[in-house]
Amino acid sequence: MLKLLIVEGNTKEGRDTAIDAGSLTQSDLYEKTLKFLKSDIDCTIVCPADPDGPLPNAEGLNDFDGIVWTGSSLNIYNREPAITQQIDFMKLCFTGNNKIFGSCW
């Protein structure tokens, strides 16, 4: 079974706004689409913009066949914790051998 880590690019506030508007979060949309394309896929979602969100460490990243980064309503030029935490996590992701796909962050 293919194991993917889906990295949500938005804050909790951004995810809540999407849900309140009747939409899915970026990560839920990715998971739904990936499972439609390949039903025997195992997805784990993490939210590095959240200050208390659990994230895998370098060793834990080895448990995944690939990492998918969703889009985000944030702007990388704004140096706030929700962004810098994601940058730090991305740097960690690049220390392993995972295949990584990122879209429109």
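**A tour from N75 to helix 4**

Begin by selecting N75, which sits in the loop between strand 3 and helix 4, where helices (H or I, at least four residues) and strands (E, at least two) are DSSP runs, numbered from the N terminus. The model is predicted, and so local features need pLDDT of at least 70, side-chain atom pairs count only at pLDDT 80 or more, and totals for chains, interfaces and linings use all residues. Residues are numbered from 1 along each chain as its sequence is written, and side-chain values use heavy atoms, with hydrogens and water left out.

With N75 still selected, note that this residue counts as partly exposed because its relative accessibility is 37%; buried means under 20% relative accessible area, exposed over 50%, and partly exposed in between (1.4 Å probe, protein chains only). Show the side chain of N75, which reaches the backbone nitrogen of Y77 at 2.8 Å.

Now select helix 4, residues 81–93. Which residues of helix 4 are buried? They are A82, I83, Q86, F89 and C93, and, seen down the axis of helix 4, they fall within an arc of 125°, so they line one face of the helix; the arc is that of the directions from the helix axis to the C-beta atoms. Turn to the other side of helix 4, where P81 and K91 are exposed.

Finally, display the elements against which the buried residues of helix 4 pack, among them strand 1 (2–7), strand 2 (41–46) and helix 3 (58–61).

Methods. The expected span of a helix is 1.5 Å times one less than its number of residues. Contact means heavy atoms within 4.5 Å. A polar contact is a pair of N or O atoms within 3.5 Å; within protein, one must be able to donate a hydrogen and the other to accept it, and residues adjacent in sequence count only if both atoms are side-chain atoms.
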